[in-house]
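Student: Can we go through this one together? I'd like to start with how the elements are defined.

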Amino acid sequence: TACVSFWAARLGTFLFDRILKSHEDPRLKYMFRQEGETFLTGPSAFPLKLMAFWSIQAAWAWVSLLPVTMAISRGAMEK
């Protein structure tokens, strides 16, 4: 639990610091609606691409956390 918490805090701090310095993430720029673009049918397809991006990221985080969660719950059951 401590290792996962440390990793999450370190990654979160790195990402927060990076966005404070650059003010935007160029990798996500194409996913946001440009000025004058229609809501769902423009080239960016905002917010559909953004929703897909975050959903895939959330699924990956959940799958990555499963072994840790299972190990913690197994350890709690054995006590």
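Tutor: Helices here are DSSP runs of H or I with at least four residues, numbered from the N terminus. Keep in mind that the model is predicted.

Student: Fine. Which helix is Phe 6 in?

Tutor: Phe 6 belongs to helix 1.

Student: Is Phe 6 buried or exposed?

Tutor: Exposed: the relative accessible area of Phe 6 is 60%, and the cut-off for exposed is over 50%.

Student: Now charges. How many salt bridges does the count come to?

Tutor: The count comes to 1 salt bridge. Asp 17 pairs with Lys 21, and their closest N and O atoms are 3.1 Å apart, which is within the 4 Å cut-off.

Student: How are Asp 17 and Lys 21 placed in helix 1?

Tutor: They are 4 residues apart in helix 1, so about one helical turn separates Asp 17 from Lys 21.

Student: What are the relative accessible areas of Asp 17 and Lys 21?

Tutor: Asp 17 is partly exposed at 35%, whereas Lys 21 is exposed at 64%.

Student: Next, the surface. Which residues form the nonpolar patch?

Tutor: Phe 39, Leu 40, Leu 48 and Met 51 form the patch, and together they have about 400 Å² of accessible area. Leu 48 lies in helix 2 and is partly exposed, with a relative accessible area of 45%. Patch residues need over 30%, so Leu 48 passes that condition at 45%.

Student: Last one, Ser 55. Where does Ser 55 lie, and what is its relative accessibility?

Tutor: Ser 55 is in helix 2 and counts as partly exposed at 43%. The C-alpha atoms of Ser 55 and Phe 39 are separated by 20 Å, the two residues being 16 apart along the chain.

Key: Residues are numbered from 1 along each chain as its sequence is written. This is a predicted model: local features need pLDDT of at least 70, side-chain atom pairs count only at pLDDT 80 or more; totals for chains, interfaces and linings use all residues. Side-chain values use heavy atoms; hydrogens and water are left out. Patches are made of residues with over 30% relative accessible area and no salt bridge: like charges are joined within 9 Å, nonpolar side chains (Val, Leu, Ile, Met, Phe, Trp, Tyr) within 5 Å. Accessible areas come from the Shrake-Rupley method with a 1.4 Å probe; for residues, only the protein chains shown count as cover. A salt bridge is a side-chain nitrogen of Lys or Arg within 4 Å of a carboxyl oxygen of Asp or Glu. Helices (H or I, at least four residues) and strands (E, at least two) are DSSP runs, numbered from the N terminus. Buried means under 20% relative accessible area, exposed over 50%, partly exposed in between (1.4 Å probe, protein chains only).
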